[in-house]
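Student: I'd like to get to know this protein step by step. Could you put the model up so that we can look at it together?

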Amino acid sequence: MFSAGYAQEAGSTRGRRRGQSLIRDRLAAIAEPGRFEMCRHLLGEPITTSELAVRMGISEPQVSGI
(Lines give C-alpha, C1' and ligand atoms only; values in the text may rest on other atoms or scores of the structure.)
Protein backbone atom coordinates (compact mmCIF):
# COMPACT_ATOMS: atom_id res chain seq x y z
CA MET A 1 0.00 0.00 0.00
CA PHE A 2 1.06 3.52 -0.59
CA SER A 3 1.30 6.05 2.17
CA ALA A 4 -1.07 9.00 2.50
CA GLY A 5 1.87 11.25 1.59
CA TYR A 6 2.16 9.49 -1.73
CA ALA A 7 -1.56 9.98 -2.43
CA GLN A 8 -1.22 13.72 -1.82
CA GLU A 9 1.79 13.99 -4.16
CA ALA A 10 0.49 11.55 -6.77
CA GLY A 11 -0.33 14.24 -9.31
CA SER A 12 3.10 15.83 -9.22
CA THR A 13 6.19 14.67 -11.05
CA ARG A 14 8.00 14.42 -7.72
CA GLY A 15 5.20 12.27 -6.33
CA ARG A 16 5.30 9.92 -9.32
CA ARG A 17 9.07 9.56 -9.00
CA ARG A 18 8.72 8.84 -5.30
CA GLY A 19 6.06 6.22 -6.00
CA GLN A 20 8.16 4.61 -8.71
CA SER A 21 11.14 4.59 -6.39
CA LEU A 22 9.14 2.84 -3.66
CA ILE A 23 7.90 0.21 -6.09
CA ARG A 24 11.40 -0.30 -7.54
CA ASP A 25 12.88 -0.71 -4.04
CA ARG A 26 10.22 -3.22 -2.98
CA LEU A 27 10.59 -5.27 -6.15
CA ALA A 28 14.38 -5.24 -5.80
CA ALA A 29 14.04 -6.53 -2.24
CA ILE A 30 12.11 -9.62 -3.30
CA ALA A 31 14.06 -10.10 -6.54
CA GLU A 32 16.89 -11.69 -4.56
CA PRO A 33 16.28 -15.47 -4.86
CA GLY A 34 16.44 -16.20 -1.12
CA ARG A 35 13.92 -13.51 -0.28
CA PHE A 36 11.61 -14.58 -3.08
CA GLU A 37 11.70 -18.18 -1.84
CA MET A 38 10.96 -16.97 1.70
CA CYS A 39 7.95 -15.02 0.42
CA ARG A 40 6.64 -18.13 -1.33
CA HIS A 41 6.71 -20.05 1.96
CA LEU A 42 5.04 -17.23 3.90
CA LEU A 43 2.20 -16.72 1.43
CA GLY A 44 0.48 -20.01 2.16
CA GLU A 45 0.41 -19.97 5.93
CA PRO A 46 1.97 -18.31 8.98
CA ILE A 47 5.07 -20.23 10.05
CA THR A 48 7.77 -19.74 12.65
CA THR A 49 11.37 -18.81 11.96
CA SER A 50 12.35 -22.38 12.88
CA GLU A 51 9.90 -23.86 10.37
CA LEU A 52 11.04 -21.45 7.69
CA ALA A 53 14.69 -22.35 8.32
CA VAL A 54 13.92 -26.06 7.98
CA ARG A 55 11.93 -25.56 4.78
CA MET A 56 14.68 -23.47 3.24
CA GLY A 57 17.52 -25.66 4.50
CA ILE A 58 19.27 -22.83 6.35
CA SER A 59 19.86 -21.83 9.98
CA GLU A 60 17.55 -19.54 11.94
CA PRO A 61 20.11 -16.68 11.99
CA GLN A 62 20.38 -16.98 8.22
CA VAL A 63 16.60 -16.53 7.93
CA SER A 64 16.91 -13.24 9.76
CA GLY A 65 19.78 -12.15 7.53
CA ILE A 66 17.90 -12.69 4.28
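Student: Does His41 count as buried or exposed, and at what relative accessibility?

Tutor: Happy to start there, and keep in mind that this is a predicted model. A residue is called buried when its relative accessible area is under 20%. His41 falls below that cut-off, so it counts as buried, at a relative accessibility of 17%.

Student: Which helix is His41 found in, and which residues does His41 touch?

Tutor: Look for His41 in helix α3. Leave aside the residues up to four places away in sequence. The ones that His41 then touches are Ile47, Leu52, Arg55 and Met56.

Student: Why are the buried residues of α3 on the same side of the helix?

Tutor: The buried residues in α3 are Gly34, Met38 and His41. They are on the same side of α3 because the arc they cover around the axis is only 60 degrees.

Student: Which exposed residues does the face turned away from the buried side of α3 carry, and what covers the buried residues?

Tutor: Let's take the two sides in turn. The cover over the buried residues of α3 includes α4 (49–56) and α5 (60–65). On the face turned away from the buried side, the exposed residues are Pro33, Arg40, Leu43 and Gly44.

Student: What is the arrangement of α2 relative to α3?

Tutor: Helix α2 spans residues 13–31 and helix α3 spans residues 33–44. Their axes come within 5 Å and cross at roughly 90 degrees. An angle of 65 to 115 degrees counts as roughly perpendicular, so α2 is roughly perpendicular to α3.

Student: Which residues make that contact, and how many of them are nonpolar?

Tutor: From α2 come Ala29, Ile30 and Ala31, while α3 brings Pro33, Arg35, Phe36 and Cys39. Sorted by class, the contact has no polar residues and 1 charged residue. The number of nonpolar residues is 6.

Student: What share of the residues counts as buried, and what share of the accessible surface belongs to carbon and sulfur atoms?

Tutor: The protein has 66 residues, and 17% of them count as buried. Its accessible surface comes to about 5,000 Å². The share of that surface belonging to carbon and sulfur atoms is 57%.

Methods:
Residues are numbered from 1 along each chain as its sequence is written. This is a predicted model: local features need pLDDT of at least 70, side-chain atom pairs count only at pLDDT 80 or more; totals for chains, interfaces and linings use all residues. Side-chain values use heavy atoms; hydrogens and water are left out. Axes are lines fitted to C-alpha atoms, for helices over the stretch in contact, and angles run from 0 to 180 degrees between N-to-C directions. Helices (H or I, at least four residues) and strands (E, at least two) are DSSP runs, numbered from the N terminus. Angles under 35 degrees count as roughly parallel, over 145 as roughly antiparallel, 65 to 115 as roughly perpendicular and the rest as oblique. Contact means heavy atoms within 4.5 Å. Ala, Val, Leu, Ile, Met, Phe, Trp, Tyr, Cys and Pro count as nonpolar, Asp, Glu, Lys and Arg as charged, and the others, Gly among them, as polar. Buried means under 20% relative accessible area, exposed over 50%, partly exposed in between (1.4 Å probe, protein chains only). Accessible areas come from the Shrake-Rupley method with a 1.4 Å probe; for residues, only the protein chains shown count as cover. The arc is that of the directions from the helix axis to the C-beta atoms.
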